[in-house]
Structures are given as structure tokens and as C-alpha cells.
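Let us walk through this structure step by step. Keep the chain letters in view as you read.

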Amino acid sequence: MLENFITGKKTLFADGVHTELRVQENRSRRIMLVQGNLTANSRSEISGVSARVYRNGVYGFSSMAECSSSAAETVLKAAEENALFMDRHIQKGKGAFPAAPTGQIPAGRVIVDTEQKRYLAFCKELDAYIARTYPELSSRAVVLSADSMEKRICTSDGYDGHTVSPRIHIYFVLNTQTSSGEPVELTAPVGGFGNFEDVFSDPALLYPEIDRLYEALMHKREGIHADAGYRTVILGGFLSGMLAHEAVGHTVEADLVQSGSVAGPNLGKRVGSELVNLVDFAHTAFGKPAPLPVYLDDEGTPAEDAVLIRDGILTGYLNSRESAQHFGMKPQGCARAWDFSDEPLIRMRNTTVLPGKDKLEDIIASVEDGYYLTNTNNGQADLTGEFMFGVTMGYEIKKGKLARPILDTTISGVAFDMLKTVDMVSDEVIWTGSGTCGKKQRMSVGMGGPALRCKVMIGGR
Amino acid sequence: MEDIRMAGDRVNDTLQRYGVDKAGFWVAETQTQEFNVNSGEFSLLRTLFDNSLSLTVYHQNRKGTITTNKLDEASVHKAVEDALASAESGVADEAYDIAPDQGGHCFHDRGYEPDMERLFERTRELMEEIARRYPRILVEELIVSHSKVHSLYRNTNGTECEVFKGHYLVSIGFAGHEGDVTTSLFGADVTTDNLDRPFMELGTIETQLKEAEAQLVTRPLEGKFQGTVVLTPDSLGYFLYSILSNFAGDSGILEKTSLWLDKWNEQVADSRLTISINPSDPRIVDRAHITADGFREEDYDIIRDGVLRSYMLSLYVANKSGLERAKNSSFSVVVREGTTPYEEMVKGIKKGLIVGRFSGGNPGTSGEFSGVAKNSFLIEDGKITDAVSETMISGNLAQMLMNVADISKETVADGGSILPYIAFDKIVISGK
């Protein structure tokens, strides 16, 4: 556990400025078995202390790869000097942040350091199961990825706290070939928030997951290329989660709104059909822990849910303290940093489209000619809300019934146009917490959603 | 502040004490200073002091790797213990190895010491020039930094490589704005070891500023057709990375899923295409000097005159597959220029698209790709007619290399790669 040598440094904080002091450790563990060959067997432990000072509209930041009292003093001094340099040259002359509530948020858990041999033994059993059960696969890989983040934060005018966020996932990657010899691949992650022992127990409990992936791969190998064009589709939960994160979530990050994102002129306006509701949950969703709970951000703001779209109307942004002041909104704990040497940026937590009332089978039955898209491997979006998602598994729908599977493709659209085409929403949300978002720094994020019937562009031949 | 050579000695002593017979490691000290501009305004100055130790040990043909940013005695001991424990729990494999003794070398690269005042002035100059000449552009984010790295590589076969290197990075993202209209994001990352030229002149920054303003009025493309797609140096990088990592990289060869698995010395691309990895090219700024496996870096061709000459393999996968290892482990891609001036190339296209950025899924082992053609312009009868939106392109990465229509005479160097414009035939272009 990280030692608390930072709270006592508050007496060194400069007057009249906002100061954050943080000590942090990130650990990652990685195992990769490719065809039984161990191609990655690594551990990483990165820690240090950092300080950020806000003065008259500009920030100074400094960090050191050392967890000590003297390092804390060094970075405080350097951050203050950097803020002074910027203030002297830029002279924005903005005032201090509005007063914020103060308090303490304790850590709810500890990081448990599982030995590498335990990880490896577990992965080997999974790999052996795949090898003996499905020998006809052209290749297989089992990848374990565990990353944890522990932080102690103290601020001049906000909450102090201790946060601990471990997560672990195992990815299965299976490859086969189509009848014409074309390679076909499918990947599935299992895992979630917590230490290894919290999430996994017996490898055999994961065999059904592997079996389902294999079955889907066998369907996919018989797949056809999608017919490119503007089509009616059902986005499964993984894709609607991607939509919530990429196509809406990023455009409502207040720093991107200030950079001209499409959410700027649309606040308070209709951006989706009345069936569309979208929330960035902090730590609890639908009465259960969210995939990646966030209780306190790195500016000392306790995290709370941010309602972004209500009944199709854009209602809010995701803010830091600075952007909240700019837009006259309330900060809700979205400013987070990945490494000790990173400054907090506005980041999503657990972003999801809320469920509706339709049953998935009824939605499928309602489509005359379209696609049901179930798996995705990546997504990107733009300031305009134009998005692209990779689709790795899906099916044609013909006359209300699932037909042939499709090969890898891509869908695209413009979020605030596409959301207006949503006319059916399923009653069940599918979550994932394995996502890592890229925006200058990496960040672990959760996302989820129900099945949505809508219209998008689909790539193909 | 760490003395890197002393830290290296500490690692060597610890390895010896634990009886490790085979290992390779890097120790490094890094100082970074960085200015940030957000939403058109200066926002942040960062100063970072970091260390790193990256150690791989080999024990009874088992391998374990540890990374830490602590170089003190206790941390080095823990790192060696952890790496050994990882190795002991690993899978024995005779293919794990490190390079034989490459001797001792020391490199002093240009740009080691930063000039922060000048860096700030160059940054301010860029912002002022954009405001003056491109008033409809809003800079979403500009990150300008200098990183100064003193690193030392050693392995138990006797190799030592000490490097003093420093470089400036200019990373800019921007969009055109007029009223409520916003364009897609444009941007460029440029690495340089000097501040001699205004940032506006680096890489494709100015070209993209012009194109962002031209994208303020777009029309959605209608219908679907097979046409010619010109990839600019900015979008070509994405495709090359996908092609080379899918077909020439470690995983495709180890898993035997690569479409180029049995294609060594065979034609895999148009004969005008030569793709090399050339870290020693003077236009490449950030060099490692030594590979991940401890070999001295050398330039090499992946494709020469359309023929597959090398894969991009680590020593491990080379040993597993019996193929030759890559002669460096960088991605300093250099594509040989063609003979046609860019303007002439466009004039020769009947119907097609210039694609400035591609937003696509991660192409799988089959090489099938599809995605959104961002920052793109329609070509009709040899003329650039409209900026387009909501347009997708799709095709196959392997087939694409065989369908090269032309390669431009002009190339763009951004410090990390040197790329021309390339036109590819038979790409599916589709709109609403």
C-alpha cells in the first residue's frame, strides 16, 4: 500500500492557487500464449509523485519517479514555478475556482499481488483446453492482462482520498479459415474489476465461454461480406456501448466542446429519438457496482453520475473543475490521470445507453432486411460526432429472421443524426470494463448498452 | 538525478549475485518539458523527471521481463528477483535468445539539450500564424515537448550501448469552424532535433490547415463504385502499419496466419514499390541504435521492387520459424518515391478519392479493411471537385499492394517516416 507522505505537505501549498498533490503506483502484468508459445511474460511497476498548480487560468505540472517526502516537495516547487512561468507569459487573468466541498474518501479495497506463476498456470490450463478440444483451429492465443492503479490525492480545496482500481481480463483469440482459405479470427474477453482471485477461480468455469467463441467462429467462417450501404441494423450491447462512449461521450467532454465539438450548439436540443437516454455512471449503475467504479477524481471532486441525454435531449457535459466553471456547470468527478506523470484530463467513467422496453427477439423480428451486429474490436469518433466501429461478428436479417453470418466490416454514421433513427431499444444492458480509451493518455473505461434498432452506413463489398 | 552508468553497474552486480547467466537490460533517465495548448489557448507547462529499467532474464531457457522506474539498490534487487521468478514459472523454449557480443558503443545524437525559450517562441509563433493566416481554424490541442534521454543497454554477452538523445515533438490537432459547422479533426505529429524552421513548415502541418478550411463545405457521396484512392502521407502510414504488422510481423508468422507466410522472395506488390525500415536515414530523428534483442541497428528492405525481401521478426520468432530476423526493431518506414509529380498523378485519375485520414477497424488476418474516408476530396476527370463527407472505402490490404496506380515524386518526412502519395486502383468507395 502506498505510504501517505503527502497530506502533511499541504502547509507548503502556495496561497491563492489551486494545488493537487498525488502519489501513485500503476502495476501491469501480461501473459501471452500463442499456440502454446509464451511470447509475453512480463510485469511492470511504475510509481512516483506529481503536483499540479492552477494559477489565473493556466496550469503548471511536475512529476518525479520517486515516492518520498523530498520528491513531493520538489514537484510542488517545480509545478508552482511552471504555473508562474505560464501566467507571466500568457496572462489570462482568470480567477480562482469556485469553492468546493472538502472531505475524505477512503479506499474500499487493496491491491493483491498475485504471483506470475499463478497467472501462467491458469492461462496454460485454458490454452491446453483449447488445444485438446479444438485441434483443427489454425491458431489460438490466450492473453492475460492485469492492470491496477493506486493513488493518494490531496488538494488545496477539494476532497482528499485514497483510491484503488484493479482490473484483470483474459482474452481468447481463435483463428480458422473459410472454405476458400481466407483467415477468420474472433476474440472474446472475460474478466472484470478486482484482483485475480476476486474475478477468477477455476479455469474450467471459463470453458463454456471458449466453447461459445468457437461456435461463433465456426458460424463466421461460413460468413459473407456485408453489402455496403446505408442500412437498417440492430446494434448489440457491445456496439451500443461503443456508441455511447465514442460517438456521444467524447463529443460531450467539455474540453472537446470548447474545441468546437458538435455538442456545443446542441445543448438543450434534440439529438436523438425520445427512446434515447444516456448516462455516464460514476460507481453504481442499476443498483449494482459499475464495471469500473470511480469514487473520486484527481482534482478532488467526488464522482457522481452525469446524465448526458434525457429522452433524446442533450442535457449536459463531462467536466473538469476548470471547464465546469467555464460552462457554469457542476464538476462531477471526471478529471482523471493514467500515470503518476500524467495530468488529469476529462475522461468518461461508465458510459451507457439506458435500456428500453423491447425484447431483442421482437426487434429482430421487426427487421425486413438488415443486419444484427454483435461484436466490435475498436471504435473512433470525431468532433462532428462522425463515428466508425469495427464489427467482428454479425448476421444478416432477412424477413425478421437471422440469416447468414457476415465477415469483418465497419459501420459509420453521425451520432446526432443516427440517434434520431433509433426506434427500438431492448430491455437488457450488456456491459464491458475491458476498454482502454486513448486521449493523450490511456484510461480504463466501462461502457454498455442495450440493443438498438437504427440506421447506419455499413462497409463491405 | 541518477548516474546511468552506476545504475547499470548495479543491475550487472545484482544479476551476477543471483547467478543469472543470460540477460539484457536498458536503464534510462528521461527529462521531459512540455507546453500544451487547448482550445486555442496556452494551458499547461509540464516538467517530468523519470527513470526506467527494462530487464529480461533467461533462466534454463525460460524468459521473464520486468519494467520499473526505480533504480535504487532495493528496487533493482526486487526487479531481478521478480524477473527470475517470472522466468522460472515460464515455458522452456530454446528459441529464446539474445544477440552475441556487439561490442561497446556510445552515441551522441543532435538535440540532446533543449532550448526552452526558443521552443516557447516557436510554439507561440505557430499559434499566431494560424490565427493570422487560417482564421477559420481552431486548434483543439497542441502539445510541444522536448525529451532528453540518457540510456544504457547492456547484456550478459558483453554488448554495451550508451545513447544521449533528445528531440522535440510537435503534435497538433485542429478543425475548421464556421458558425455551427465543424470539420473532422486534422492533425500531424512531427519529430525534430532542432528549432531552425518555423513549425508551420514541418511535415504536413500547413497542407492540412489549408485542407481543413476547404472541408468546411462538404457533400455526402452518393452510391457505390470501384475507383482510385490516393492515400496522402498522413493516411498511408496507417495502411502500411496494418499491412506490415498483419503480414510481416511476429504474430502472423508465429501463428502461421500471415498471407505472406510462404511468399519470401516472391512478388507481393507492384514492382514500383519499395518499402524499407531505415533508421539511419538522416531525416529520421528518433533512433534506438540497438534492437530489442541487442543487435546493432541496420537498415533493411521489407519489399524491394515489389518482392518480399524480409519479415519484421524478433529473434525469438526468427528462431522459431527459421526465417531471418529483422535488422532493426523500429518502424522508421521509408517508401521510395515515384516519378510522377503529385499534381500529374491526380490529373490521371478518372474517378476517385484523395483520403487524408482513415478511420477504420483493425483489419484482421485476412487483410479485409473498411472504414470512413476522413478529410477526403473527390476526383472527377482529373480534377479535385468536392470535399466529401460520410464516405467509406473498403478493400483488401494484400490485394491493394498489387493494384498500385502511381507513386508521387514528392515525399513527406515527419521525423519518424518518409512517405510519398500513392494511388491505388480498385478500391470500393461508397456513400449514402
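Start with a pair of charged side chains. E125(B) and R122(B) form a salt bridge, with their closest N and O atoms 2.9 Å apart. A salt bridge here is a side-chain nitrogen of Lys or Arg within 4 Å of a carboxyl oxygen of Asp or Glu. Side chains of opposite charge can pair when their charged atoms come close. Both E125(B) and R122(B) sit in helix α3 of chain B, three residues apart, which is about one turn of the helix. An α-helix has 3.6 residues a turn, so residues three or four places apart point the same way. The helix and strand labels follow DSSP runs: helices are H or I with at least four residues, strands are E with at least two, and both are numbered from the N terminus.

How far is each partner covered? Buried means under 20% relative accessible area, exposed means over 50%, and partly exposed lies in between (1.4 Å probe, protein chains only). E125(B), at 28% relative accessibility, counts as partly exposed. R122(B), at 9%, counts as buried.

A word on the ground rules. This is a predicted model, in which local features need pLDDT of at least 70 and side-chain atom pairs count only at pLDDT 80 or more, while totals for chains, interfaces and linings use all residues. Residues are numbered from 1 along each chain as its sequence is written, chains are lettered from A and ligands numbered from 1 in the order in which they are written, and side-chain values use heavy atoms, with hydrogens and water left out.

Now look at salt bridges elsewhere. Over all chains, the rule counts 68 of them. One joins R52(A) to E299(A), with the closest N and O atoms 2.8 Å apart. This pair links distant parts of the chain: R52(A) is in strand β2 (residues 37–55) of chain A, and E299(A) is in the loop between β11 (288–289) and β12 (306–310) of chain A, 247 residues apart. Both R52(A) and E299(A) are buried.

R321(A) and D157(A) make another salt bridge, at 3.3 Å from N to O. Here too, distant parts of the chain are linked: R321(A) lies in helix α7 (residues 321–327) of chain A, D157(A) in the loop between β5 (139–155) and β6 (159–177) of chain A, and 164 residues separate them. R321(A) is buried, at 4% relative accessibility.

Which of its residues are buried? They are I205(B), E206(B), Q208(B), L209(B), A212(B) and E213(B). These residues lie on the same side of α4(B), because they cover an arc of only 160° around the axis. That arc is taken from the directions from the helix axis to the C-beta atoms. What covers them includes α3 (116–133), β5 (137–155), β6 (160–178), β8 (186–192) and α5 (233–247) of chain B.

Where do the two chains meet? The contact takes 74 residues from chain B and 79 residues from chain A, where contact means heavy atoms within 4.5 Å. The area buried between the chains is about 6,100 Å², and carbon and sulfur atoms give 51% of it. Buried area is the accessible area (1.4 Å probe) that two parts lose on being put together, summed over both. In chain B, L45(B), E255(B) and M392(B) lose the most area to chain A, together 9% of what that side buries.

The rule finds eight salt bridges across this interface. D382(A) forms a salt bridge with K374(B), the closest N and O atoms being 3.1 Å apart. On the side of chain B that touches chain A, strand β2 (residues 41–59) of chain B gives the most, with 11 residues.

Finish with two backbone details. Q91(A) is not a glycine, yet its phi is positive, at about 50°. Q91(A) sits in the loop between α1 (69–90) and β4 (103–105) of chain A. Q91(A) is exposed, with a relative accessible area of 61%. D305(B) also has a positive phi, near 50°, and is a residue other than glycine. The loop between β12 (300–304) and β13 (307–308) of chain B holds D305(B). D305(B) is partly exposed, with a relative accessible area of 35%.
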